[in-house]
Amino acid sequence: MTIAVKNINKRFGDFVALNNVSLDFPAGELTALLGPSGCGKTTLLRCIAGLEHPDSGQVLLDGEDASDRHVRERQVGFVFQHYALFKHMTVFENVAFGLRVKPRAQRPSEDQIRRKVKDLLELVQLDWLADRYPPQLSGGQRQRIALARALAVEPRVLLLDEPFGALDAKVRKELRRWLRRLHDDLHVSSIFVTHDQEEALEVADQVVLMNKGTVEQIGTPDQVYNHPASPFVYGFLGNVNVFHGRVNGGVLASEGVQLDVAGHDGVRDGVDAKGTAYVRPHEMDVERYAAGAEGIVVKLRRAHAIGPLAQLDLERADNAQMIEATISNERFTSLGFKEGETLVVRPKRLRVFVDEGASS
Ligand SMILES: Nc1ncnc2c1ncn2[C@@H]1O[C@H](COP(=O)(O)OP(=O)(O)OP(=O)(O)O)[C@@H](O)[C@H]1O
Ligand SMILES: [Mg+2]
């Protein structure tokens with residue numbers, strides 16, 4: 001089922017939590033909602049679920065206005081970060097709960113419930129835990145049971161609010177892969193809130209970036225990572241080197257450095273304005289300094305070369321600002337860079353944001 005929100009506004013007192021938010025969530029896709037704490041992610045999910053009422057705007061489920069539809073009628077499944085399973089009920093009974101509380105006319109028979117719960121526990125690969133109680137489970141197992149419980153009522157939409165937030169990095173990683181596979185099997189339209197950019201980029205078909213109650217960008221992981229629509233998105237999705245200065249004639253002049261920006265994203269002909277260039281660490285070319293070398297002269301302060309990549313902390317010779325560069329560990333080893341050595345860096349790829357309206 002498709003989910004859409006149109007011009008949603010939500011205030012809490014004077015505070016604007018959602019500011020004219022419009023979004024489309026395609027049917028059967030897994031969308032990640034990403035953004036800093038307090039930007040309105042949970043509020044948006046609650047509006048879609050019907051747990052919160054927007055001050056204005058619409059929630060459309062399969063094109064139909066859901067405003068007057070009660071939470072239960074919206075057929076939404078939820079999993080929250082600290083999802084409380086019923087402690088006094090077995091895993092089996094927790095998953096069966098949503099089916100048992102259905103109105104008599106819709107309630108499946110005891111046999112059907114039994115079969116359904118068994119299937120769901122197999123789906124989340126925890127059928128062997130059916131008779132345990134929640135306190136006897138690990139955190140990751142509890143979240144999977146919470147997901148089985150949400151799926152029991154065959155939701156048309158699945159809303160996951162930082163479901164793996166409280167778990168350690170390794171378990172999170174396993175669970176996010178597992179969630180992706182589960183999603184590929186079931187194809188329920190799902191919205192997944194996370195703080196973790198890597199998680200969003202790895203798991204989602206589509207990523208929505210929110211900031212202060214508004215949508216900054218929506219796109220595939222590749223689009224938002226490689227073609228960020230705003231400086232905010234650039235900074236939020238990974239490390240970045242920033243050069244403030246003035247763009248003119250294909251060159252950005254920034255504190256004694258001339259960056260050739262002609263032909264790069266965001267640079268138009270004939271621009272003469274303040275601008276900022278953004279360069280990701282892996283988009284920096286690094287070589288040993290030689291007389292007359294073009295680029296920014298730096299000193300290698302620290303090299304972190306564990307695993308496939310070498311992360312270099314570089315200090316500019318002219319103004320002591322730090323630049324980050326990432327090269328393959330293989331290249332790092334073959335070049336034999338040593339800490340303290342003088343090197344030269346040049347952006348291979350960059351993106352310029354020109355300050356509109358600051359052209360004088
Ligand atoms: N019931 C409420 N009353 C007053 N303010 C609220 C209420 N619910 C949310 N807010 C405020 O609205 C803003 C958005 O909250 P929301 O929970 O949607 O943020 P979030 O993006 O989910 O953040 P986090 O990543 O920390 O979970 C916050 O500033 C929050 O303090
Ligand atoms: Mg939240």
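This is a predicted model: local features need pLDDT of at least 70, side-chain atom pairs count only at pLDDT 80 or more; totals for chains, interfaces and linings use all residues.

Reader: What volume does the largest cavity have?

Author: A cavity is, on a 1 Å grid over the protein atoms alone, a set of points where a 1.4 Å probe fits but cannot get out; a pocket is an open set with protein on both sides within 12 Å along at least five of seven lines, and lining residues have an atom within 4 Å of a point. Grid points are joined across faces, edges and corners, and a volume is the space filled by probe spheres set on the points. Here the largest cavity has a volume of about 60 Å³. The structure holds one cavity of 30 Å³ or more.

Reader: Which residues line the largest cavity?

Author: Residues are sorted by class: Ala, Val, Leu, Ile, Met, Phe, Trp, Tyr, Cys and Pro count as nonpolar, Asp, Glu, Lys and Arg as charged, and the others, Gly among them, as polar. The lining of the largest cavity consists of Leu 30, Leu 151, Leu 158, Leu 179, Leu 182, His 183, Leu 186, His 187, Val 188 and Ser 190. Seven of these are nonpolar, three are polar and none is charged. Helix 5 (residues 169-186) gives the largest share of this lining, four residues.

Reader: How many helices and strands does the protein have?

Author: Helices (H or I, at least four residues) and strands (E, at least two) are DSSP runs, numbered from the N terminus. The protein has nine helices and 20 strands. Its C-alpha atoms fill a box of roughly 85 × 45 × 35 Å, taken along the principal axes.

Reader: What is the volume of the largest pocket, and which element gives the most to its lining?

Author: The volume of the largest pocket is about 680 Å³. It is lined by 20 residues, and those closest to its centre are Arg 72, Val 76, Gly 98, Val 101 and Val 153. Strand 6 (76-80), helix 2 (91-100) and helix 4 (139-152) each supply at least two lining residues, and strand 6 gives the most, with four. By class, the lining of the largest pocket has 12 nonpolar, five polar and three charged residues.

Reader: Which residues surround ligand 1?

Author: A residue is near a molecule if one of its heavy atoms lies within 4 Å of it. The shell around ligand 1 is made up of Phe 12, Phe 15, Ala 17, Ser 37, Gly 38, Cys 39, Gly 40, Lys 41, Thr 42, Thr 43, Glu 162 and His 195. Four of the shell residues are nonpolar, six polar and two charged. Helix 1 provides the largest share, three residues; strand 2 (15-25) and helix 1 (41-49) each supply at least two.

Reader: Where does ligand 1 come within polar reach of Gly 38, Lys 41 and Thr 43?

Author: A polar contact is a pair of N or O atoms within 3.5 Å. An oxygen atom of ligand 1 lies 2.8 Å from a polar backbone atom of Gly 38. For Lys 41, a side-chain N or O atom is 2.7 Å from a ligand oxygen, and for Thr 43 a polar side-chain atom is 2.5 Å from an oxygen of ligand 1. Taken alone, ligand 1 exposes 640 Å², and the protein buries 60% of that; such accessible areas come from the Shrake-Rupley method with a 1.4 Å probe.

Reader: Is helix 1 mostly covered or uncovered?

Author: Buried means under 20% relative accessible area, exposed over 50%, and partly exposed in between (1.4 Å probe, protein chains only). Helix 1 is mostly covered, with seven of its nine residues buried: Lys 41, Thr 43, Leu 44, Leu 45, Cys 47, Ile 48 and Ala 49. Gly 50, which follows helix 1, has a positive phi near 95°. In the protein, 45% of the 360 residues are buried.

Reader: Is Glu 255 buried or exposed?

Author: Glu 255 is exposed, at a relative accessible area of 51%. It has a positive phi of about 40° although it is not a glycine.

Note on methods:
Residues are numbered from 1 along each chain as its sequence is written. Chains are lettered from A and ligands numbered from 1 in the order in which they are written. Side-chain values use heavy atoms; hydrogens and water are left out. A polar contact is a pair of N or O atoms within 3.5 Å; within protein, one must be able to donate a hydrogen and the other to accept it, and residues adjacent in sequence count only if both atoms are side-chain atoms.
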